[in-house]
Amino acid sequence: CLQLTYRVKEDTGQGDYIGNIPQELNFPSLAPSQKQRNYQVLAGGDKITVDPVLGDLNTAIRLDREKLCPYNPPTCVIDVEVAVLPSTYFDLIKVQIFIEDLNDNAPKFPSDVLIKDISESAFIGTIIRLDSATDPDLGLNAIHGYELEVSTLNSGETTNPFQLVVTENIDGTKIPQLQLSETLDREVTSSYELLLKAIDGGTPRLTGTATIEITVTDSNDNQPTFPRGSYVVEVPEDRPEGFMVIQVQATDLDSGTNADLTYSFPSLVSAHDKAIFRLDPDSGEISVKEPGLDYENRTIHHLTVEARDKGPNSSPAYTTVTVQVVDVNDEYPQIVINFMDYLDTASQDDTPSEATTFVTITDRDTGVNGNVTCRLKDSKDFELYELDKKESRYLIKTNKTLDRETKPFYNLKIEAWDFGSPSLTNTTIIAVELEDVNDNPPTFRQPSYTVGVGELIRNGRKVTQIKATDEDDGLNARITYTIQPVNENENLPFNIEQDTGIVRFGPNAEPLDADISTKAFLMTVTATDNGTPPLSATVSLTITVNDENDNTTTQYSFLVKEHLQRGAYIGYVLANDSDADTLTNAKVTYSFVDSNENIPFSINPDTGISTVLISYDVLQSQPYILRVKARDEGKEPRQNFATVQIYLIDINDNPPSVSFP
């Protein structure tokens with residue numbers, strides 16, 4: 001892991017520049033043709049952002065140390081983790097941003113007026129506990145000390161029988177107290193008004209003030225006293241409601257109600273502490289309340305206890321109980337998952353040892369209770385790689401090339417446990433869906449297609465549907481169809497719908513005519529997916545034109561005598577062509593088709609006149625049924641057909657013959 005450290009002032013605004021990762025770490029520059037680095041925040045992204053391309057670090061929020069570190073630790077640090085991707089450049093960068101405190105908070109007392117009373121018979125040395133001021137600033141900017149000034153005396157005198165005494169808790173927080181240094185006489189002075197100042201050590205120094213109003217009461221011979229001014233007790237955080245933390249007891253040398261004491265938390269005890277601890281007013285027992293102690297939220301509590309007798313004009317006594325919370329193993333390990341933005345999802349094109357996911361195991365406990373480890377259960381295709389044992393950072397990597405078409409989903413189970421006693425365990429399931437790569441071309445259901453179509457098909461009608469499939473997913477499986485003739489010079493009367501593969505007779509195609517052409521249409525259908533790069537496949541399609549009964553038959557009948565001489569006239573057929581060009585489009589030629597070559601007739605190709613080709617005998621064959629084709633001479637010739645029936649008339653050309661005897 002690489003490390004970067006920055007120091008910024010706490011008034012740094014949202015969006016302010018902090019630094020640049022590649023410059024700070026002297027990453028070598030990359031050529032434009034190379035795969036570029038990508039930066040991704042894994043932790044601390046709610047406070048710090050990183051430009052995924054440039055690697056600039058900027059603030060996501062305004063940095064206020066008192067809000068970022070509300071319990072006022074000695075140092076306030078924002079911990080950020082940034083991953084450098086892809087795997088070619090992979091590294092984990094730990095960024096620590098120290099927030100330097102500014103003296104932007106003045107000390108503040110919980111109340112502007114502190115009301116106290118003291119018996120006129122109080123002994124010299126009697127202590128009056130005062131509320132402490134608070135200052136969320138740190139170090140020199142925190143509270144440096146207290147000062148006391150005389151504000152007003154009822155008698156107008158300027159003497160002050162109180163001295164300011166400042167003590168410290170075990171964590172260094174200061175406690176202001178007044179100590180009686182002279183005897184009091186209520187008849188002379190019945191009250192005192194003092195001004196208490198709390199001063200921090202910043203530059204310039206900031207001050208908070210509170211007025212102390214002290215009433216001198218009639219004599220109550222003896223003031224309660226605690227045997228000790230402070231107590232320190234350790235309590236495990238898992239102690240239940242009602243658990244007694246400590247019992248503090250004061251004594252009073254008076255008798256009767258003057259010796260009957262009551263205990264309470266004064267105003268300087270925070271509402272948070274009062275919600276956690278209960279103080280029995282009669283016994284002085286401090287016990288745990290719901291919701292109980294929580295080491296992970298707060299490790300130390302300062303409780304001031306006030307004791308008063310129930311007699312008139314009582315003077316209070318104070319002691320401080322410091323509760324140190326002891327950590328126990330009550331926090332389960334937490335599993336934090338970060339998918340790589342660079343990959344979005346795991347890809348089936350991942351090569352072995354391709355990193356896909358970051359895993360962080362955290363435990364709010366301390367010591368061995370907070371030491372954690374984890375494992376990836378029942379996974380053959382993924383492995384858990386340890387990045388940082390101390391910080392419990394791991395990578396989930398593929399350990400083989402994945403195939404979405406074989407297994408598109410994985411449920412990875414991560415189990416984490418700590419080393420406390422007893423050990424606490426947590427598990428989580430990571431649902432991994434493989435992102436498809438375009439590694440499969442389309443495939444057709446048949447090696448080739450042959451279909452027939454009637455010559456009377458109407459424009460736009462469906463001929464057939466060519467269907468291909470693709471084992472990929474999404475755009476990689478979306479197929480587009482195209483069609484083209486095998487002979488590039490041929491104009492196809494068919495088209496194909498690019499999304500469905502339906503082949504249709506073109507909306508503007510010329511009608512088909514099986515009588516003119518019996519040849520099949522040969523074409524190639526291409527199926528192309530929408531992947532990057534696109535993959536394609538081709539298949540041959542043959543469309544034959546089927547004849548339909550679309551022509552009305554014209555018939556001619558002729559009667560001829562047998563034994564006519566060669567060239568004798570029999571009759572004629574006539575075909576009309578309405579075209580204008582009589583030399584080509586309207587010029588018609590005639591011929592016999594589908595007839596026996598031995599027929600004794602011929603036809604003039606220009607006039608359509610039929611004549612005798614050879615002499616014939618009625619006894620040989622009758623009638624003759626002939627098919628005549630009329631064809632024009634246009635660029636794209638058109639033709640029609642007629643049927644000619646020739647009936648032979650017998651003549652008396654044979655004498656009788658005697659066959660017997």
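Reader: How many residues of domain 2 are in contact with residues of domain 3?

Author: In this predicted model, 15 residues of domain 2 are in contact with 15 residues of domain 3, where contact stands for heavy atoms within 4.5 Å.

Reader: What area do domain 2 and domain 3 bury between them, and which residues of domain 2 lose the most?

Author: Domain 2 and domain 3 bury about 1,100 Å² between them, with 50% of it on carbon and sulfur atoms. On the side of domain 2, the residues that lose the most area to domain 3 are Asp 117, Arg 129 and Ile 170, which together account for 45% of what that side buries.

Reader: What makes the meeting of Arg 308 and Asp 117 a salt bridge?

Author: The side chains of Arg 308 and Asp 117 come to 3.3 Å, N to O, and a salt bridge asks for a side-chain nitrogen of Lys or Arg within 4 Å of a carboxyl oxygen of Asp or Glu, so the pair qualifies. Across the interface of domain 2 and domain 3 the rule finds 1 salt bridge, and it also finds 4 residue pairs in polar contact.

Reader: Which strands supply residues to the side of domain 2 that touches domain 3?

Author: Strand S8 (113-119) and strand S9 (127-129) each supply at least two residues of that side, and the largest share, 4 residues, comes from S8. By class, the side of domain 2 that touches domain 3 has 6 nonpolar, 4 polar and 5 charged residues.

Reader: Turning to another residue, why is Asp 51 called partly exposed?

Author: Asp 51 has a relative accessible area of 28%; buried would mean under 20% and exposed over 50%, and therefore Asp 51 falls in between and is called partly exposed.

Reader: Where does Asp 51 lie, and what does its side chain reach?

Author: Asp 51 lies in the loop between strand S4 (48-50) and strand S5 (56-59), and its side chain reaches the backbone nitrogen of Leu 54 at 2.8 Å. Leaving aside neighbours within four places in sequence, Asp 51 is in contact with Tyr 39 and Asp 56.

Definitions and conventions. Residues are numbered from 1 along each chain as its sequence is written. This is a predicted model: local features need pLDDT of at least 70, side-chain atom pairs count only at pLDDT 80 or more; totals for chains, interfaces and linings use all residues. Side-chain values use heavy atoms; hydrogens and water are left out. Buried area is the accessible area (1.4 Å probe) that two parts lose on being put together, summed over both. A polar contact is a pair of N or O atoms within 3.5 Å; within protein, one must be able to donate a hydrogen and the other to accept it, and residues adjacent in sequence count only if both atoms are side-chain atoms. Ala, Val, Leu, Ile, Met, Phe, Trp, Tyr, Cys and Pro count as nonpolar, Asp, Glu, Lys and Arg as charged, and the others, Gly among them, as polar. Buried means under 20% relative accessible area, exposed over 50%, partly exposed in between (1.4 Å probe, protein chains only).
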